[in-house]
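Dear colleague,

Please find below the structure I promised to hand over, followed by a short account of what was found in it.

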Amino acid sequence: MSSAALVTGASRGIGLEIARKLAEQGWNLTISARSVDTLAEAAETLRAAHDIEVEAVPADMAAEDDVLALAAAHEKRYGRLDALMLNAGMGSIGPFAEFPLRRVDKLFDVNVRSAYLLIQQLLPTLRTTAGETGSSRIIAISSLTGIAAEPLNSAYGASKAALTSLCETLSIEESSGGVSATALCPGYVATDMTAPLTGEVPADTMIDPVEVAELAVAVTRLGRSAVVPVIPISRAGHLVWRV
């Protein structure tokens with residue numbers, strides 16, 4: 001039976017590149033994003049280019065019912081989960097002293113709570129798949145700001161630090177059974193999320209989303225004996241450990 005993955009935030013950027021690379025390897029996919037039309041277009045493109053199944057499930061990661069429905073849709077369609085790719089995320093920056101608490105709450109809802117809930121819902125399937133194949137993987141797109149503090153990123157960085165910690169703790173609890181999690185922590189990646197920053201950080205100095213996707217998919221090829229808790233990814237040049 002073909003491997004199956006669920007990829008959130010899969011209509012563009014890193015998520016779409018992950019979906020493309022998995023599709024090239026013959027994986028069946030559930031893909032999710034908020035935009036119905038963009039998601040449907042991505043699903044059709046993947047089906048047309050590769051002989052795979054693609055389930056497209058629109059979902060807002062800030063809405064608990066949407067996250068629950070997404071997990072249920074994947075389980076109903078495939079009944080297995082070899083890789084859960086947690087790419088959906090929200091970015092927001094601002095001075096600590098003035099940052100609105102409502103935005104802090106939204107960042108944690110999208111970047112942390114949705115991941116926590118989705119993993120909880122799909123953990124039984126991840127365990128079952130690992131029992132059959134030897135391993136299953138959770139790969140979360142976190143951020144270098146969750147490892148090395150950056151000005152204006154107090155809330156965003158805290159949410160990504162929490163996501164990274166979630167992956168580490170999950171691996172401690174579950175890796176002996178074959179389920180492990182990896183947090184990929186890149187600096188600035190050239191996506192729509194970082195487009196407003198290109199006046200200060202030129203796009204050609206940012207990380208190519210294809211490279212992040214390549215690392216995400218590479219982790220799925222590891223066996224259960226290798227647990228990779230965190231992978232920091234810096235931009236080229238003199239800014240190692242800076243976004």
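This is a predicted model: local features need pLDDT of at least 70, side-chain atom pairs count only at pLDDT 80 or more; totals for chains, interfaces and linings use all residues.

Helices (H or I, at least four residues) and strands (E, at least two) are DSSP runs, numbered from the N terminus. Buried residues make up 50% of the 243 residues, and 71% of the contacts with a separation of 6 or more are between residues 24 or more positions apart.

Searching the whole structure gives 11 salt bridges. One of them joins the side chains of Arg47 and Glu44 (3.6 Å, N to O), which both lie in helix 2, 3 residues apart, or about one turn of the helix. Arg47 is partly exposed at 36% relative accessibility, and Glu44 is also partly exposed, at 46%.

Another salt bridge, between Glu132 and Arg80 (3.9 Å, N to O), links distant parts of the chain, since Glu132 is in helix 4 and Arg80 in the loop between helix 3 and strand 4, 52 residues apart. Here Glu132 is exposed, with a relative accessible area of 57%, whereas Arg80 counts as buried at 9%.

Arg127 and Glu174 also form a salt bridge, their closest N and O atoms being 2.6 Å apart; Arg127 lies in helix 4 and Glu174 in helix 5, so the pair ties together parts that are 47 residues apart in sequence.

Best wishes

Key: Residues are numbered from 1 along each chain as its sequence is written. Side-chain values use heavy atoms; hydrogens and water are left out. Buried means under 20% relative accessible area, exposed over 50%, partly exposed in between (1.4 Å probe, protein chains only). Contact means heavy atoms within 4.5 Å. A salt bridge is a side-chain nitrogen of Lys or Arg within 4 Å of a carboxyl oxygen of Asp or Glu.
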